[in-house]
Amino acid sequence: MPELHVIDHPLVAHKLTQMRRVSTSSERFRQLLTETSLLLTYEVTRELALHDVLITTPLVETHQPELVEDPVVVSILRAGNGLLAGVLQVLPSARVGHVGLYRDHETLEAVEYYCKFPPLEDRMVIVVDPMLATGNSAIAALDRVAADGPSAIRFLCLLASPEGIAALHAAHPDVAIWTAAVDERLNEVGYIVPGLGDAGDRIYGTT
Ligand code: URA
């Protein structure tokens with residue numbers, strides 16, 4: 001069964017409402033997105049593998065848990081970088097890949113213009129993009145990531161549409177999705193409704 005995790009937390013819900021408001025400035029939007037991505041990262045990394053290591057405290061030697069390894073984070077440009085800032089505050093030593101995709105506004109298809117990944121083979125990869133709308137960009141990015149043989153892939157977003165979830169899970173049933181909310185639908189030009197508008201424009205003030 002494909003996995004969908006909707007992160008149900010009052011702080012996440014509150015911050016998301018502030019991000020949805022059309023009156024929220026880019027500066028405040030970026031701040032809220034960073035704060036929210038810290039909370040989302042906490043959830044998406046909940047089952048990371050730990051192993052015991054021997055350490056010395058000021059008092060004794062003791063075996064304590066430590067992460068086996070960091071996941072690799074892949075950001076879908078450009079809006080993914082808005083989430084990345086917070087993700088890297090929680091996972092400061094994670095290696096980061098980028099895939100650049102834009103939406104052809106006529107066909108809504110994803111067109112790749114850039115791709116650079118660290119080694120992904122046998123690694124857990126978290127792919128980040130704030131909006132899972134049609135799913136076209138996410139699927140194109142996941143195709144690229146999956147081709148490098150990671151051990152597991154998770155997709156982390158802020159908002160998802162029912163259409164995007166269905167498309168992503170049809171193309172990549174092994175990819176678990178983590179999102180702060182599932183909105184009602186896509187509109188006729190592929191925007192999430194009620195949504196928050198174009199995430200890249202909201203982050204970078206490009207409208
Ligand atoms: N991308 C966005 O930034 N917003 C949407 O609503 C859909 C796709």
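Arg78, Asp198 and Asp201 form a linked network of salt bridges. A salt bridge here is a side-chain nitrogen of Lys or Arg within 4 Å of a carboxyl oxygen of Asp or Glu. This is a predicted model, in which local features need pLDDT of at least 70, side-chain atom pairs count only at pLDDT 80 or more, and totals for chains, interfaces and linings use all residues. Residues are numbered from 1 along each chain as its sequence is written, and side-chain values use heavy atoms, with hydrogens and water left out.

**Around Arg78**

Arg78 sits in the loop between strand 4 (72–77) and helix 3. Helices (H or I, at least four residues) and strands (E, at least two) are DSSP runs, numbered from the N terminus. The peptide bond between Leu77 and Arg78 is cis, with omega about 0°.

**Salt bridges**

By the rule above, the count is 8 salt bridges. Side chains of opposite charge can pair when their charged atoms come close.

| Pair | N to O distance |
|---|---|
| Asp183 and Arg20 | 2.8 Å |
| Glu69 and Arg123 | 3.3 Å |
| Glu47 and Arg154 | 3.6 Å |

Asp183 is buried at 8% relative accessibility. Arg20 is partly exposed at 24%. Buried means under 20% relative accessible area, exposed means over 50%, and partly exposed lies in between (1.4 Å probe, protein chains only).

Glu69 and Arg123 link two loops that are 54 residues apart. Glu69 is in the loop between strand 3 (61–67) and strand 4. Arg123 is in the loop between strand 6 (110–116) and strand 7 (124–128). Glu69 is partly exposed, at 38% relative accessible area.

Glu47 lies in the loop between helix 2 and strand 2 (50–56), and Arg154 in strand 9 (residues 152–156), so this pair ties together parts 107 residues apart in sequence. Glu47 is exposed at 58% relative accessibility. Arg154 is buried, at 13% relative accessible area.

**Helix 2 against helix 3**

Helix 2 (residues 26–44) packs on helix 3 (residues 80–90) at an angle of about 50°, with the axes 7 Å apart. That angle makes helix 2 oblique to helix 3. Oblique covers what remains once angles under 35 degrees (roughly parallel), over 145 (roughly antiparallel) and 65 to 115 (roughly perpendicular) are taken out. Helix 2 contributes Leu33, Thr34, Ser37, Leu38, Leu40 and Thr41 to the contact. Helix 3 contributes Gly82, Leu83, Ala85, Gly86, Val87, Gln89 and Val90. Contact means heavy atoms within 4.5 Å. By class, the contact holds 7 nonpolar, 6 polar and no charged residues. Ala, Val, Leu, Ile, Met, Phe, Trp, Tyr, Cys and Pro count as nonpolar, Asp, Glu, Lys and Arg as charged, and the others, Gly among them, as polar.

The buried residues of helix 3 are Gly80, Gly82, Leu83, Leu84, Gly86 and Val87. They pack against helix 2, strand 4, strand 5 (96–103), strand 7, strand 9 and helix 6 (199–204).

**Other backbone features**

Most residues other than glycine have a negative phi, and most peptide bonds are trans. A cis peptide bond joins Val193 and Pro194, with omega about 5°. Pro194 is in the loop between strand 14 (192–193) and helix 6. Asp122 is not a glycine, yet has a positive phi of about 60°. Asp122 lies in the loop between strand 6 and strand 7. Asp122 is exposed, at 53% relative accessible area.

Technical notes:
Axes fitted to C-alpha atoms, helices over the stretch in contact; angles between N-to-C directions.
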